[in-house]
Amino acid sequence: MNIAVKLMQKFKDLDNQNKLKVYQGKAELIRKRNLEAWDDGQFQAESLRLQEEAKSGTPLDELLVDAYALVCEASKRTLGLQPYDVQIMAAIALHERFLIEQHTGEGKTLSAVMPAYLNALTGKGVHVLTFNDYLAKRDADWMGPIYRFLGLTVNSVQAGMSLSEKREAYAKDVTYVTAKEAGFDYLRDTIALSEADTVHRPFHYVIVDEADSLLLDEARVPLVISGDSASSRSDGFRFAEVARQLKQAEHYDFDEFQRNFYLNETGAAKAESLLGCGNLYDSHNSHLLTSLNCALHVESLLKKDVDYIVRDSKIELIEEYTGRVAENRYLPDGLQAALTAKEGLYSIAGGKILGTITIQHFISLYPQICGMTATAHASAMDFEDIYALQVVQIPPNQPNIRIDHRHRIYTHKEAKLKALVQEISSVHRTGRPILIGTSSVEESAMLAEALAAAGVPCHVLNAKNDAEEADIIAKAGEPGAVTVSTNMAGRGVDIRLGGGGAQAEVVAKLGGLYVIGTHVNESVRIDDQLRGRSGRQGDPGASVFYVSLEDELLLRFGIHKAVRASRQDEALEAPGLSSKITSIQRIVMGQNFDIHKELNCYSDMVEDQRRILYAERLRILKGEQPLSPAEQRVRLFYLDEFWADHLAYVSYLREGIHLESLASRNPIDEFHAQITEAYEQIPFKINSASENMLERLGGSNDPAEWEKFGLKSPASTRTYIINDQYLQNKRNSWTGTTVFAYWLRTIARPIFKLSKY
């Protein structure tokens, strides 16, 4: 097996080298187009010629050399930036729909301008999807002069813009925007009752920045639009108090690996006594059982300052892979209410879900996709399997001379913390800047306290003080700087030696930025992102990870049992241990990939149904069907109404569908069969309800009459992201909620006629 893997890797490396040779040849052709003598008018005339060629159908491949030569010279004139050969090579690969791996500090932002310009020549629009709103605005403002010099338009989309502002931004030749905002705008378009209320035009070509984060880590995250509802105080405080009185082992068993809990008979009796409800499993107590399970889940599984923070009297979830506050993100409705009650805060009641789409499915709406990141190679198979995207590794402009030390592994957490403080104190005395990546807000605060006690001043960067990020990062490369951060500093930031000033040489002589990780992440890519903060553009630097056998990832796989070492303060001398840890990370990445594929099996068919229905909706909205204004409004209204009902049924069905294995049925097949049956009823329901409403309207085309009968868009909507908890519920896992869901679908189906829904 190892031989086969090595042969496959050699083949891929050879293929990568062959591609790079071709790209190098094209880059040399582009360099030979010496345009320094051209005046500005010649540039604009040539750009206009290329636009006319592209719009008349000339293949863009034939225009690439001319277009890229224009961009290179325009960049030099407007920004003073001369693209390196490797940036041009990356730009060629992006146009050819590859996912490029380009090292930190190698200038991905400028590389993206060339394919964005080339593909925008058609007039169909190009989207560059960035990591956050700040980067969308920064990159559009920074690269904007190049596009405008060549006669193209550019803008960025920001959360909070008005409808007209967004429509104008999306109408530009090149639009910088986050995937989430573009996705939310698409969802708003899907419920618009007038074409004038939509902002997107047909999707064309997209460049995805930080592609591994977006296409893999965030891919399964559902974007949601719902009818808004007022703030209300939840009765969840009652259930939160009950959950606090139930003790692990005595009242329920907890499986840390599967992230499930199991209420036992003693626990059920205790809960019934505290709630005063009689048999908790009686049908009339179903809402109590569901609320109690949600309260137990957040009490047992969600930790403050690890999974979420409380700021300004609001719950803010923390994004696992970045350590940042996950803006506009909520747990599924019952869990969010339970978590809010746990912290004694007000709850926002959830409205009816009107539309939803995963980021993966949203990205797939673009006919042409490419992307870029500093860490793609480790997940190359995932990109190819899910998106049919092949990875091309672009060499750095300057060789990477960063020294990546072997993991330092300790028997217990206290020894690791002591060693960390000693190492940081020792290096700090030399004046060398240090960046420490921690696992959580809680750990970053604890390490900062330990450093303060040791007389080492430091800046702390975590989800609680994210507003200070730019200032902290700007100083992180200065002599003597010690920066303690969560994974926030692991992606999307560029730390310059000496702060980018005259002290750069001083820091370089000290060895450059020293990066220390206080744990290894589940994904090798996340570790590599942290390492990549050091050693940019050939700068010196070093990285090392401190690990303890008591770290959560190692405990989960029982490494602490396999290593026969007595408790000690010194690092373990076990050369094979680092490779075992790397193997664990790759196993977890493989497991997550399998889970991702299984989740896709559930969501793909729903997405197929949505696209069929939305294509019909779009034809009605654009007036492509011979309908009167009243008929158009009524059909759009009921199409949205019954799709929202279908989504509610899908969500309800999926809660317990994996328990179909009880009856020896394949859960995915059963899920598909049931949602197909439900979906096939939608056209009949739309036709029937539309006929009845048109009869009541008497065919009136007066919008005021439509309003009277409630044929209007929701007064307000809320967009948010759901953390999909199903990830943790493997097919063979059981919780009170899933047992109840199975019972409800089995017993209540005849009562509510669910099979005919």
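The legends below describe close-up views of a predicted model. Numbering starts from 1 along each chain as its sequence is written, and side-chain values use heavy atoms, without hydrogens or water.

**View A. Packing of helices α16 and α17.** Helix α16 (residues 413-428) packs on helix α17 (residues 441-453) at an angle of about 55 degrees, the axes being 10 Å apart. Axes are lines fitted to C-alpha atoms, for helices over the stretch in contact, and angles run from 0 to 180 degrees between N-to-C directions. Helices (H or I, at least four residues) and strands (E, at least two) are DSSP runs, numbered from the N terminus. The angle makes α16 oblique to α17 (under 35 degrees is roughly parallel, over 145 roughly antiparallel, 65 to 115 roughly perpendicular, and the rest oblique). The crossing of α16 with α17 is right-handed, a term used if the near helix is turned clockwise from the far one by less than a right angle, left-handed being anticlockwise. L417, V421 and I424 of α16 meet L447, A450 and L451 of α17, where contact means heavy atoms within 4.5 Å. By class, this contact of α16 with α17 has six nonpolar, no polar and no charged residues. Ala, Val, Leu, Ile, Met, Phe, Trp, Tyr, Cys and Pro count as nonpolar, Asp, Glu, Lys and Arg as charged, and the others, Gly among them, as polar.

**View B. Packing of helices α10 and α12.** The axes of α10 (residues 236-245) and α12 (residues 286-301) come within 8 Å and cross at roughly 60 degrees. α10 and α12 are therefore oblique to each other, and their crossing is right-handed. On the α10 side the contact involves R238, F239, A240, V242, A243 and R244; on the α12 side, L288, S291, L292, A295, L296 and E299. The contact of α10 with α12 comprises eight nonpolar, one polar and three charged residues.

**View C. Aromatic pair Y186 and F203.** The structure holds 12 aromatic pairs, a pair being rings of Phe, Tyr or Trp (its six-membered ring) with centres within 6.5 Å; planes under 30 degrees apart are stacked, over 60 edge-to-face, and the rest tilted. The ring centres of Y186 and F203 are 5.9 Å apart and the planes are at 50 degrees, so this pair is tilted. Y186 lies in helix α8 (residues 179-190) and F203 in the loop between α8 and β5 (205-209), 17 residues apart. Y186 is buried at 7% relative accessible area, and F203 is buried at 16% (buried is under 20%, exposed over 50%, partly exposed in between; 1.4 Å probe, protein chains only). Y186, F203, F362, Y366 and Y614 form one aromatic cluster.

**View D. Helix α24.** Y638 and F642 sit four residues apart in α24 (residues 629-656), separated by about one helical turn. Both Y638 and F642 are buried. A648 also has its place in helix α24 and is partly exposed, with a relative accessible area of 48%.

**View E. Residues with positive phi.** Most residues other than glycine have a negative phi. E210, in the loop between β5 and α9 (211-217), has a positive phi of about 45 degrees and is buried at 8% relative accessibility. S313, in the loop between β10 (308-311) and β11 (314-317), has phi near 60 degrees and is exposed at 58%.

Definitions and conventions: Predicted model: local features only at pLDDT ≥ 70, side-chain atom pairs only at ≥ 80, totals over all residues.
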